[in-house]
Amino acid sequence: MELGPPGGSGPAEPGPRLRGLRGADAAASASSLSRFGAEAGCRASAVAAVLPAGGSGERMGVPTPKQFCPILERPLISYTLQALERVSWIKDIIVAVTRENMETMKGIIQRYQHKRISLVEAGVTRHRSIFNGLKALAEDQPNCRLSKPEVVIIHDAVRPFVEEDVLLKVVTAAQEHGASGAIRPLVSTVISPSADSCLDHSLERARYRASEMPQAFLFDVIYDAYQQCSDYDLEFGTECLHLALKYSHIKAKLVEGSPDLWKVTYKRDLYAAESIIKERISQKVCVVMDTKEDEEHVGHCLEEMLKTELNVMTSDFEETQRLLNMVEESNLSILYPVVVISVHFLDYESVPLGQKMEKVMQIREFAKEAKKRNILLSGLLIYFPQVGKNIDKIVCSVDYSFFFFWWEPDFF
C-alpha cells in the first residue's frame with residue numbers, strides 16, 4: 001500500500017495562506033462540523049472514505065480511463081479528491097487504482113498536492129476494488145498502517161460534485177442504522193423485456209428510486225459483508241447496500257441526495273462537468289490573509305504593489321512581474337485560472353504617445369506569457385493630468401477627467 005503526502009486537513013488548493021471558499025459553503029461547513037460533533041458524537045478520526053477507481057471507461061469510448069480524463073486540464077478524479085479533502089473530519093481517503101495506473105495516480109497526488117490519500121491496487125471488478133480498499137483499513141490485515149474507522153464512506157471517483165452536507169447525512173444515518181445511501185428520483189421509467197424482446201412489464205416509477213453515491217456504513221458491518229461475499233457477488237454485483245442487507249442483515253437508511261450526485265459516464269458528461277466546474281469557479285472568492293506576516297507571501301506582495309502604484313506612481317511593470325512570479329510559485333494557478341488586473345497611473349501631459357503605446361504592448365506581452373501559466377492578466381492604464389495633485393485626491397475626485405486604456409486577454 002502506498003501512502004500519499006502525510007497529514008493536513010485543509011482544502012486541496014495549495015499556496016501560502018490562500019483559501020478558496022464560497023461564502024455559503026464556509027458557513028455550512030462550520031454548521032455541519034458542529035452538528036457532526038454534537039449529534040453524531042463522532043471523532044475526527046472515526047471516518048474514512050474508499051474510492052474505487054479501477055474502471056477502464058469502456059462506455060465513454062475513449063482510450064483514457066474516465067477518472068483520468070482532463071476537465072479544464074485537470075484530471076476528473078482530482079476534483080473528487082478535492083471535494084472529500086475539504087471535509088476535515090474524513091481522516092483517510094483510500095483510492096483503488098489498477099497497477100498500470102498507479103504511477104499516474106501518484107503523479108496526480110503530487111501535482112495537485114492532495115493530502116490524506118492512500119493507494120491500493122484495484123481488483124478486476126468494482127466490488128473487488130472496494131474490498132481491497134476496506135482491507136487497507138482493517139486491523140486484521142498484515143502491514144496495516146491506517147487505523148480502523150468507525151464509519152467508512154464509499155464513493156465513486158467519477159462523481160466530483162459531492163457536498164459536505166450529503167456526506168454528513170449518510171454518515172450520521174450509518175451511525176444510527178448501520179448503513180445508509182443517497183438516492184434520487186428515477187428520470188425514466190424502468191421496463192422489463194421478455195426473452196423475445198417484447199415488453200413484459202414496467203415498474204411504477206413513483207415507487208422506486210435510483211441508488212446513488214455516496215454510501216456510508218459502520219466499518220464492521222460492510223467489512224464483514226465483504227468477507228462473506230460469494231464469488232458471484234464479487235464478480236457481478238454493483239450495489240454495496242445490497243451486500244449489507246444480504247450478509248449483515250442491515251436495512252440501509254436511504255437519504256435524498258442532491259441533483260449534482262450524477263456519475264460521469266459518457267463523453268457528453270465531461271462537457272456537462274466542465275460547465276458546472278466553471279460555474280463554481282466563478283462563484284469562488286480567494287481570501288488573502290495575514291499580508292504583513294511574510295515578505296514572500298503573495299498577499300504582502302500584492303499590498304506592496306498597490307502601495308507602489310498609488311503613492312509612488314511608478315510607470316514600470318517590475319512589480320507586476322514579481323506578483324505574477326509569486327502567484328506561479330504558490331501553485332494556485334495549477335488548480336484554477338488566476339485573474340490578475342494590473343492598474344497603472346501615468347501623467348498624459350508628460351508621457352509621450354509612443355511611450356503610452358509601449359506600455360500597452362508591454363501588458364500584452366506579459367499577458368501572453370502569463371496565459372501559458374494559467375494566469376489571465378488584464379491591464380488598466382489610467383492617464384491623468386499631474387497639475388500638482390496627489391494621486392489619492394485625484395482618484396477620489398469624481399468630476400476629474402481620466403483617459404482609460406483597457407486591454408484583456410482572450411479568456412476562451
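Trainee: Which residues does isoleucine 90 touch, not counting residues up to four places away in sequence?

Mentor: Before we start, this is a predicted model: local features need pLDDT of at least 70, side-chain atom pairs count only at pLDDT 80 or more, and totals for chains, interfaces and linings use all residues. Residues are numbered from 1 along each chain as its sequence is written, and side-chain values use heavy atoms, leaving out hydrogens and water.

Now, isoleucine 90 touches Val47, Ala48, Ala49, Leu84, Arg116, Ile153 and Leu167 (contact: heavy atoms within 4.5 Å). Ile90 and Ile153 are also among the residues with the most contacts inside the largest nonpolar core, a set of 39, along with Ile77, Trp89, Val95 and Met105. Such a core is made of buried Ala, Val, Leu, Ile, Met, Phe, Trp, Tyr and Cys joined through side-chain atoms within 4.5 Å; buried is under 20% relative accessible area (1.4 Å probe, protein chains only).

Who supplies this core? Strand 6 (90-97), helix 2 (76-85) and strand 8 are among the elements giving at least two residues each, while helix 5 gives the largest share, seven. Helices (H or I, at least four residues) and strands (E, at least two) are DSSP runs numbered from the N terminus.

Apart from that core lies another, of 32 residues, including Val152 and Met213. Strand 8 (residues 151-154) pairs antiparallel with strand 12 over four bridges; pairing takes at least two DSSP bridges. Isoleucine 154, for one, stands opposite glutamine 215. Strand 12 (residues 209-218) has seven of its ten residues buried.

Key
Buried means under 20% relative accessible area, exposed over 50%, partly exposed in between (1.4 Å probe, protein chains only).
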